[in-house]
Number of protein chains: 2
Amino acid sequence: MPSFRQYLPILDWGRSYDRRALSNDLIAAVIVTIMLIPQSLAYALLAGLPPQAGIYTSIAPIVLYAIFGTSRALAVGPVAVVSLLTASAVGQVAEQGTAGYAVAALTLAFLSGGFLVLMGLFRLGFLANFLSHPVISGFITASGLLIATSQLKHILGVTAHGHTLPEMLGSMLSNLSEVNWITVLIGVAATAFLFWTRKNLKPTLRGLGVPSLPADILTKAGPVAAVVATTVAVWALGLADRGVRIVGEVPQSLPPLTLPGFDPDLLGALLVPAILISVIGFVESVSVAQTLAAKKRQRIDPDQELIGLGAANLGAAFTGGFPVTGGFSRSVVNFDAGAETPAAGAFTAIGLAFAALFLTPLVYFLPNATLAATIIVAVLSLVDPSILKKTWGYSRADFSAVAVTILLTLGLGVEIGVAAGVAISVLLHLYKTSRPHVAEVGRVPGTEHFRNIHRHTVETDPSLVTLRVDESLYFVNARFLEDLVQRRVTTGTTIRNVVLQFSAVNEVDYSALESLEAINQRLKDMEVGLHLSEVKGPVMDRLRRSHFLDQLNGQVFLSQHDAWRALAVGKRSAA
Amino acid sequence: MPSFRQYLPILDWGRSYDRRALSNDLIAAVIVTIMLIPQSLAYALLAGLPPQAGIYTSIAPIVLYAIFGTSRALAVGPVAVVSLLTASAVGQVAEQGTAGYAVAALTLAFLSGGFLVLMGLFRLGFLANFLSHPVISGFITASGLLIATSQLKHILGVTAHGHTLPEMLGSMLSNLSEVNWITVLIGVAATAFLFWTRKNLKPTLRGLGVPSLPADILTKAGPVAAVVATTVAVWALGLADRGVRIVGEVPQSLPPLTLPGFDPDLLGALLVPAILISVIGFVESVSVAQTLAAKKRQRIDPDQELIGLGAANLGAAFTGGFPVTGGFSRSVVNFDAGAETPAAGAFTAIGLAFAALFLTPLVYFLPNATLAATIIVAVLSLVDPSILKKTWGYSRADFSAVAVTILLTLGLGVEIGVAAGVAISVLLHLYKTSRPHVAEVGRVPGTEHFRNIHRHTVETDPSLVTLRVDESLYFVNARFLEDLVQRRVTTGTTIRNVVLQFSAVNEVDYSALESLEAINQRLKDMEVGLHLSEVKGPVMDRLRRSHFLDQLNGQVFLSQHDAWRALAVGKRSAA
């Protein structure tokens, strides 16, 4: 049953699973589990949910992705950008801390999972291409800044609200009197320690003669060290009584069975954010998965990835979680630690289930400021303003898309930002194709080549105008061509024939066909012939379905050289 | 001052105005005035406004267009589709018959005029190209059906509401008991007479030896005859007392000075409909103006047309009117009657002002059914379902755009219909370019030509793969190319070099640049060279601004033949 196997990649790698793969997967799982415990708590905080939600979200989704996903190394769970999008979407329909908020988060995961599965079944993965690279880069950079800013309140120990940069900053500034200096001390120390660990610990350890793998593991365990140290400090010094906010009681339990809300109003309000989260999560996940797969000459199937991620989100919706996707840092850690199959993910899930059952009392005194520090250090690596410089140098259109995405994401929120980025990319593309490059060409003397008369020394014939259209012809530029031909022909009284060289025309839609008919009619009225040359097969097939070729006041030439030989009758001059 | 003259085309034609032009313009004005009186009343009815509004709307706008417009023959005033859009938009914010309704109509004209002027000043006329020919055809056809249906209630003498086909039909059916049979008699007789006049009167008169021009004028006066006959019948037989609805009292007055509403809520509610009306009105107007200008080898300036139409709408807003545009039928009549300059429009305005002052008592007994009949006969000529058949034969994508536009316009209303039409056109275009045609090419033996290996007998080299990409490369299809190259290269173990032939690539945006870099890196890892051939000048200029060419693991060849000579080293086989 190939169609059944197609949807269950686990049947492929599961059959050849052996002891070596098992031991590699187990090692990777231990490393990833250690890294995921603080990260899961932190992303729950970012999403506005209780800490255990972060751990629950890292269990069922991982197992489901292991069954349905095609990437061998992708690690699925809560990630920074998706957690931010969750907080933004759910914050619009419920108050943080209420039961309604948690249900809305489940519902968001449910809608997102359902949407992803549907996209996968209908093989609509290509829709993610509408997010151009510059828009994604701009969005990730702006999101990183937003997330880091949103965590500042935990470092300062103040209350703050809002989902845009001005809102957050304004809210924090107006509550600045609440600042708790012990919290600031913990937060700043943790942040500095984590930055130092990330940048300098591995080289330092290697310099001390520690082998590469242990050095790497110790570096990745930096957040755990920060968690342990600050938790012990808060407990030993009784800092919770001096205003330092702590994680507090976390229930000891496996993920509960939960139900998302099915209230039509709630579903309606969360549908658009769910689609946005799905698409952004999918794009992030697929690019990570593709990068890792290419390193081992493996391939991933984007449409099956939709199903894998969709199943993971549906799993989150029914086990007390919130939307998930494949995370960059955890996937890289998983890959570097030697994970060979999705079974590594399943072992990670077991480790996290163990943590959920037995380790949660240990984080009672963990200060929120430490979690905020781990988030800030993680997301600032996403911020890469160099995309502005790179696109500025290459193309103003791409630069505009990045700039608009960054500014609107920071200023008006993530949803408007990314929607505007997509819209402006599409509009700029349409604008560019609406005024296509059209070159008037002549023959390079003594050859069969034809080149732009303004760039090369070529032969021309005053009775013949040849225009090479460097764009597909469709509704957005159809009238442009009409105007252009009209203008060119009315300026030359000796013109007897016009050739449109179609070597770069990949499509002629119905609007363009009507424009060609109008051009043909007008030239006929002026007793000027209209000819085509170098029409591509698919375009010719299409034109044959209309009456245009019957009415054409001229011929279709296979090559521009044929057209020249047949039509260039006047005196030839090298321009 | 050329920049000043640019905005006042009247300075061009006004200087050479002579007695011959004056007499031609006067004759045209008389004919158009006779035609416009019943038409203006009818379109006011369609827009849901009192009859005099139709006449007012035909005075100031005509004069303003004569000053600012570039078409010599365009006749501006209320037209069917724009009146329907007005009724739909204003009906959503006010109750028909109230003072608020009239103010909302003024506001709509004001917003529409302001938007058009701004578009003109910023030279954004090209935006109208986003409405493809099939979408416009579908929209006009569906609007014609909607308008005809909306007038059926006047023919039947029943009350009915709604702005979609199901709403109107349902509303009419549920009020069918109200039918007034005398009204039906008048309406059906008038409709039949007008259809007959339009189709058969001119040939009949010509057959009787009447010269062409008078025959034409008599034909155009058909609506006036229907108006006179039915008005006299209603008056003489006292039919108004038997339930036939009549126009009733119309104030005798020149257009009043009015102010649109500036309430922010009202402005907000009408902004989107105003933009829609502007764009649709502009597209209709420009296509009429271009058709008429081409017949006299004149040109119109689309950006100045925006200013002309915008001024006309602002004029309507301050003189008791509603949104206007250049109408097809009246412009053709004006042109055929010999109008030479926009002065003909000014004379028409004088004629209508005379009518507004002195003739309105004559239409007291005019039955609404007659006005409805003139509208029905006028708009059914717009209905052209053949666009469905034509696009079906040519391209399924264009057919889908037409079908969606027609169905949604009829079923959900004009605004959703046209917005969906534009959206689906753009999406289908992007979808088509997201999976571009890519041909693997080989050399036609003994020539310098390279053709698709699946369509022609060509030489190939097992160590060399040449892919001709038949589409510009941009974010929507960037990843497609990555996948395609990866797939092709991993299926052939002997491949040493890949050439991408760029003869049809008109653009490489930043996303595509990143994809090319990824392809280059992956091929380098596999020890396969990546080469480009036949890169167009503008694309090469762009690539030179990046580091791609420095990192390229291969060369850029001027022609595909050069690439073949340099790289085809293995054994060649004719495929």
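**Aromatic pairs and nonpolar cores**

Over all chains, the structure holds 16 aromatic pairs. One of them joins A:Phe110 and A:Phe318 in an edge-to-face arrangement, with 6.0 Å centre to centre and 90° between the planes. A:Phe110 belongs to helix 7 (residues 99-121) of chain A, while A:Phe318 lies in the loop between helix 14 (302-317) and strand 2 (325-327) of that chain, so the pair ties together parts that are 208 residues apart in sequence. The model is a predicted one.

Both rings of this pair can also be described by their accessibility. A:Phe110 is partly exposed, at a relative accessible area of 23%, and A:Phe318 is likewise partly exposed, at 29%.

The charged end of B:Arg542 sits over the ring of A:Tyr394, 5.8 Å from its centre. In chain B, B:Arg396 lies over the face of B:Trp392, at 3.9 Å from the ring centre.

In soluble globular proteins, nonpolar side chains tend to be buried together. The largest nonpolar core here comprises 132 residues, of which A:Leu481, A:Leu500, A:Phe502 and A:Val508 touch the most other members. Helix 13 (residues 264-295) of chain B gives the most to this core, with 13 residues. A second, separate core has 131 residues, including A:Ala80 and A:Leu146. Beyond four places in sequence, A:Phe502 touches A:Leu473, A:Val508, A:Leu516, A:Leu532, A:Ser533, A:Glu534 and A:Val535.

Leaving aside neighbours within four places in sequence, A:Ser171 is in contact with A:Thr159, A:Ala160 and A:His161.

Definitions and conventions: Residues are numbered from 1 along each chain as its sequence is written. Chains are lettered from A and ligands numbered from 1 in the order in which they are written. This is a predicted model: local features need pLDDT of at least 70, side-chain atom pairs count only at pLDDT 80 or more; totals for chains, interfaces and linings use all residues. Side-chain values use heavy atoms; hydrogens and water are left out. A nonpolar core is a set of buried Ala, Val, Leu, Ile, Met, Phe, Trp, Tyr and Cys residues joined through side-chain atoms within 4.5 Å. Buried means under 20% relative accessible area, exposed over 50%, partly exposed in between (1.4 Å probe, protein chains only). Helices (H or I, at least four residues) and strands (E, at least two) are DSSP runs, numbered from the N terminus. Contact means heavy atoms within 4.5 Å. Rings of Phe, Tyr and Trp (its six-membered ring) pair if their centres lie within 6.5 Å; planes under 30 degrees apart count as stacked, over 60 as edge-to-face and the rest as tilted. A charge sits over a ring if NZ of Lys or CZ of Arg is within 6 Å of the ring centre and within 35 degrees of the ring normal.
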